[in-house]
Amino acid sequence: MTPTRPVFYVSDGTGITAETIGHSLLTQFGDTRFTTDRIPFVDTAEKAREAAQRIREAGEAAGVRPIVVNSCVDNELYRILAEGGGLMLDIFAPFIEPLERELGETRKLRVGQAHGMVDFEAYHRRINAMNYALTHDDGISMDFDDAEIILVGVSRAGKTPTCVYLALHYGICAANYPLTEEDLEADRLPAKLRPHRHKLFGLTIDPIRLHQIRQERRPNSRYAQLDTCKREVAQAEHIFRNERLTTLSTTHTSIEEIASKVLTTLGIHREMF
């Protein structure tokens, strides 16, 4: 059996940039299993040495070379991190030299600059969107007037992580609505969603994958039974077809891809933070 490859997202800031790019890269390699870990705010030599030790120990435990997706701009921190023995992938490296040639200036190595709050308005929009996603998660709040996007689907189809991603990276107020047994048996959109049809996007998932996910959450429950998953997915997809909602399967689709498809379909154009 192929060993699981440890992956570390290391940054002198939050690590969100490194994690987003790194995750997009890893999804291209479906035959390899990965375990991922984010190490943020590595902005001193001491923290870099601690991170390098964690990387080294993970490699020894797994018996395979770790992968390090790095967004630290300080060359000394990069050198220390490399002592952990991982495959170092600097997310800025492919772009810096061409940009220096084009712009006629040398990059300025400012730790944390790439993650700084330069645009306070955008920062507050992102925080407000995150609060919105949390208060409108899984039908907690049914007031959708301020929602820009409403994701609809059965429980554990990927609605919550997509809403959080849209909030964090685009500052979009995204809510999600889990279709209940009552909704599914009614065979039509719930009344509370109908006034917001232009905001709706359906998420579906392969029943076997849904069964696996629910088993991890509530093992051997009726909620997690394969028959339950098959029935709910079939009923949800029937509603989506009848209501002519655009739908996407999340089974083999990354969060980034789901978000991009939703934004394109609903005609929302927002610059990524």
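The legends below describe close-up views of a predicted model. Local features need pLDDT of at least 70 and side-chain atom pairs pLDDT 80 or more, while totals for linings use all residues. Residues are numbered from 1 along each chain as its sequence is written, and side-chain values use heavy atoms, without hydrogens and water.

**View 1. The largest pocket.** This pocket (an open set of points on a 1 Å grid over the protein atoms alone, with protein on both sides within 12 Å along at least five of seven lines) holds about 1,400 Å³ of space. Its lining (residues with an atom within 4 Å of a point) has 40 residues, with His23, Arg209, Thr253, Ser254 and Ile255 nearest the centre. Helix α6 gives the most, seven residues. By class, 14 lining residues are nonpolar, 16 polar and 10 charged.

**View 2. The largest cavity.** About 30 Å³ of space lies in this cavity, a set of points where a 1.4 Å probe fits but cannot get out. Among the lining residues are Gly153, Val154, Leu203 and Phe240. Helix α9 supplies the largest share, three residues. The lining has six nonpolar, two polar and no charged residues.

**View 3. Helix α3, residues 75-82.** Leu77, Ile80 and Leu81 are buried (under 20% relative accessible area, 1.4 Å probe, protein chains only). These residues lie on the same side of α3 because they cover an arc of only 100 degrees around the axis. Their cover includes β1, α2, β3 and β4. At the start of α3, a side-chain oxygen of aspartate 74 comes within 2.7 Å of the backbone nitrogen of glutamate 76.

Key:
Points joined across faces, edges and corners; volume = space filled by probe spheres on them. Helix = DSSP H or I, 4+ residues; strand = E, 2+ residues; numbered from the N terminus. Nonpolar A, V, L, I, M, F, W, Y, C, P; charged D, E, K, R; others polar. Buried < 20%, exposed > 50% of the residue type's maximum accessible area, 1.4 Å probe, protein only. Arc of directions from axis to C-beta. Contact = heavy atoms within 4.5 Å. Polar contact = N/O pair within 3.5 Å; in protein donor to acceptor, adjacent residues only side chain to side chain.
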